[in-house]
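Here is a short report for a first look at this protein. It begins with the whole chain and then turns to two residues.

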Amino acid sequence: MSDFFELASKAKRIEYAPCSNDPHNTGGKNSRQALGFDEKGNCIFKAYYDDDGNFRLETIKDKNGMKEKRDFGSDDLENASTFCLSDKQIKELKEAQNFVSGLKQKEPKSSQLPQRNPAEMLKNGMNVKLSEKSRLPFAPDIEELTISKGEDGVLRMRGISKDGKQSIDFSYRDGIAQFELTDGKTKRSYNNKMGGKWTYRDLTSSNGTRYFDSDCGELVASTMGKTFDKVKQKYLAPQKSQNMNKALFSSRGKGKE
């Protein structure tokens, strides 16, 4: 019995829902998700797929009290020769593809899919893929961002490149922004708490000295603000009065869009 057949037999409940941009980068049109739960209510798989044939599947096993996760995706299957995958790995990817196709066939009509609450999406954290045009100019190798908003009201946007050399950890609340930016050997912590002027501290140094750098601070804040506003416009039922980028700059008298 294959692992996927066993997985299907253990799934006592499957929940379907539209999703913003799934955490596994299907990147296609009309992305959806299907979550499978066993008889105890434990999530045993997470499937993401779209209308362009892309898919990602994450399986979750409880092995001696530890969560064992495996990940399968259409991009791996398409690049099997490039990645020098074995026949066994290719077979598993095709079985995963068939498993997700089966889930897709059982999917309720779109009108019957539950609508996700925007606040809940942010609380749980939503993963958004960045297209080539929407990449961050200060960290172009970052392909996706995780966006969340905790009970403290702080909005966080985090991302890291596949090679780990570029990263951004940006937080915002009530016009105050701060972030950590890494690019190769450079690692800095920025904030705009000193009268709205951007300063940074070199995290690779132990002296704690702060330096002014309005150019980088403004670029990152503006980019992250606009990125969030685009995500909100598309997925979070926005209100025109709640524009992060406007609020971020108008609160400091910048008046920039």
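## Surface and overall make-up

The protein exposes about 15,100 Å², and carbon and sulfur atoms supply 46% of that area. The model is predicted.

The secondary structure comes to six helices and 13 strands. The protein has 257 residues, and buried residues make up 41% of them.

## S161, in a loop

Start with the place of S161 in the chain. S161 lies in a loop. On one side of the loop is strand β8, residues 155-160. On the other is strand β9, residues 166-173.

Is S161 buried or exposed? Its relative accessibility is 4%, so S161 counts as buried. The cut-off for buried is under 20% relative accessible area.

Now the surroundings of S161. Its side chain reaches the backbone nitrogen of K165 at 3.3 Å. Leaving aside residues up to four places away in sequence, S161 touches D141, I142 and Q166.

## E120, in a helix

E120 is found in helix α4, which covers residues 118-124. Its relative accessible area is 46%, so E120 is partly exposed. That class lies between the buried limit of 20% and the exposed limit of 50%.

Which distance separates E120 and S148 in space? From C-alpha to C-alpha, E120 and S148 are 9.5 Å apart. In sequence, 28 residues separate E120 and S148.

Conventions. Residues are numbered from 1 along each chain as its sequence is written. This is a predicted model: local features need pLDDT of at least 70, side-chain atom pairs count only at pLDDT 80 or more; totals for chains, interfaces and linings use all residues. Side-chain values use heavy atoms; hydrogens and water are left out. Helices (H or I, at least four residues) and strands (E, at least two) are DSSP runs, numbered from the N terminus. Buried means under 20% relative accessible area, exposed over 50%, partly exposed in between (1.4 Å probe, protein chains only). A polar contact is a pair of N or O atoms within 3.5 Å; within protein, one must be able to donate a hydrogen and the other to accept it, and residues adjacent in sequence count only if both atoms are side-chain atoms. Contact means heavy atoms within 4.5 Å. Accessible areas come from the Shrake-Rupley method with a 1.4 Å probe; for residues, only the protein chains shown count as cover.
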